[in-house]
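Take a walk through a protein chain with me. We will start with the whole chain and then stop at a few places along the way.

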Amino acid sequence: MFENIEIDYQRLPKYIIIAIFIVGIVLLNFYFIKSYISSNSETINKYSLQDKDVNPVREAAVAGLFYPADSYQLEKDVSGYLHSVAPSLDRRAHILVVPHAGYMYSAEVAAKAYQQLLPFSDVIKKVIILGPSHRFAMKGVALSSAEYFVTPLGKVKTDFEITEYLKNQKGFSVNDKAHKNEHALEVQLPFLQKVLKEYTIIPMVYGITDAKELAKELKMLLEKNDTLLVVSADLSHYNDIQTAKQIDDKTIDMVSKGEDLDEHRSCGAIGINTAMYLAKDLSLTPVLMDQSNSGKISGITDSVVGYASWIFAGEPEPEKLLSPLEQEMKSLENFARHNREDILQIVKRSLSKAIDKKHYTPDREDYPNVMFDKGATFVTLTKGEELRGCIGSLLPKQAVALDIAQNTYSAANEDSRLKPITLEELSEIKISVSFLSGYEKIIFNNEEDLLNQIIPNVDGLVLRDGDRQGLFLPSVWKQIPDKKEFLNNLKIKAGLSPSYWSDKVKIYRFRTVEITEK
């Protein structure tokens, strides 16, 4: 069918030239368009770094100025401030107001508030830190894009989720320039690093903003029991010491009444007002922890800065009535904590003599008088994960010092399940001493009822049936965490079948306080 087609060879070169020309035009347009759409309108000589590029970590800005830059000295100083006085309240603080001056002037005042967090260090997981902007003029509240804030004591992680939520709310924005050199928030971090355990922070620097609106946004966060608000604020500035005292006393009275502060009363009045609005909504009461001024430290009294610290907490819960067993546990915990070194010394001395089959008898001249009060103890000796001896007393029949020494000897030499401990393994032996409370009889209808009443990881149990008896310390729960198995193994220890049950079975619970050599 193609036999009759004639090709005009004279025009062929012309067609080829036209085709090449068209292809060339198409290619030029393609490269031009590609270059145009792949380029931005700006030139690189106008490039500037974005906050997210330069601030993955907010470095310490005032270490060495407001507080020590040396980590050892800083830790020593903060620990000294915190532990100079024990926590005085049993109420959980939901808001703190603390000063932000150099540590030599205001750290002791701040520490009085931070001390109150120590009993609740496991509860608090999120900390909002709110402070005024000293070096950056702004409106609203500045959040930080930094993943970590750093001090000489290490890094503190910021809370990404809450920051992402807040930056979309009215009055909030991410502005790292406001945070870069700001000291009001930074000086709070070493205290938080010493009093809390696992937590994240939400750093907020504010400029011109409405305290009522800010309180509304923060209320939802503060309603969660794991969240703390730290408000950074000093009091009056640059008055003589008498005038400052008068102004600050009036400010303290206003805070107690929940009255708004104006700017001249506090470098941080907006933050304090925010705290007071939140306190009204959350039924929190301000408690003044301390008050001072810079003149008391520097001796310069014609121009001083005032400081005060508060906690805002709920009403104290009614005191819980402790059962006799719980009261005993408190006493045992206090005894064990205050006599720890003497207790471990008795075990070590007894153990070193037990290797030679000799008994050690503690002398009254070597130990506090309380060590000769009666007590019931168990001494447990282990090597690695291997039990090497466990012997104890069921009842407090002799001086606790003598009981510990005797049970140490018996655990090393007379545990019928094991060979005596040898001199060669002595250095590998780990010591544990348990102090037993009294016994509380469990009243039950049947075995199922008994199992429902047993508290795992807390109760030690004694089983009695006729002349059969078995005892498990609470530490046995580590090996047998299931209640049914725990009871069945206790039956076996008493010489009974795991399936055995009788109306004559008696069960007693007890508790222990344990000391383990570090």
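Predicted model: local features only at pLDDT ≥ 70, side-chain atom pairs only at ≥ 80, totals over all residues.

The protein chain holds 17 helices and 20 strands. Its C-alpha trace spans about 120 × 100 × 50 Å along the principal axes. How does the radius of gyration of the protein chain stand against that of a compact globule of 518 residues? The globule would have a value near 24 Å, but this chain has 36 Å.

Of the 518 residues, 46% count as buried. The chain exposes about 28500 Å², and carbon and sulfur atoms supply 52% of that area. Take the contacts between residues at least 6 apart in sequence: 78% of them join residues at least 24 apart. Charge is next. The chain carries 62 positive and 71 negative side chains. The centres of these two sets lie 2 Å apart.

Let us turn to the strands. Find β5 at residues 148-151. β1 and β5 pair in the parallel sense, over 2 bridges. To see one of the partners, go to Val57: its bridge partner in β5 is Tyr148.

Next comes strand β3, at residues 126-132. Is β3 largely enclosed or largely open? Of its 7 residues, 6 are buried, so the rest of the structure largely encloses this strand. A residue counts as buried when its relative accessible area is under 20%. Strand β3 also has pairing partners. It runs parallel to β8 (residues 200-206), and 7 bridges join the two. There, Pro132 stands opposite Tyr206. β3 also pairs with β9 (residues 227-232), again in the parallel sense, over 5 bridges. In that pair, Leu130 stands opposite Val231.

Stay in this region for a single residue. Ile162 lies in helix α5, which covers residues 160-166. Its relative accessible area is 12%, so Ile162 is buried. What does Ile162 touch, leaving aside its neighbours within four places in sequence? It is in contact with Lys126, Ile202 and Leu221. Consider Ile202. Ile162 and Ile202 are 40 residues apart in sequence, yet their C-alpha atoms are 7.3 Å apart in space.

The next stop is Lys357, in the loop between α14 (340-354) and β13 (377-383). Lys357 is not a glycine either, and it has a positive phi of about 60 degrees. Its relative accessibility is 47%, so Lys357 counts as partly exposed. The cut-off for exposed is over 50%.

Now look at β17 (residues 460-465) and β19 (residues 506-510). They run antiparallel and are joined by 5 bridges. Gly460 has Phe510 as its bridge partner in β19.

The last stop is Pro456, in the loop between α16 (447-453) and β17. Its relative accessible area is 31%, so Pro456 is partly exposed. Leaving aside neighbours within four places in sequence, Pro456 is in contact with Trp477 and Lys483. How far is the C-alpha atom of Pro456 from that of Val433? These residues are 23 apart along the chain, and their C-alpha atoms are separated by 20 Å.

How values were computed. Residues numbered from 1 in each chain as written. Heavy atoms only, no water. Pairing = 2+ DSSP bridges. Helix = DSSP H or I, 4+ residues; strand = E, 2+ residues; numbered from the N terminus. Rg over C-alpha atoms; globule rule 2.2 N^0.38 Å. Buried < 20%, exposed > 50% of the residue type's maximum accessible area, 1.4 Å probe, protein only. Contact = heavy atoms within 4.5 Å. Areas by Shrake-Rupley, 256 points an atom, 1.4 Å probe, with all protein chains shown as cover. Lys, Arg positive; Asp, Glu negative; His and termini not counted. Charge placed at Lys NZ, Arg CZ, Asp CG, Glu CD.
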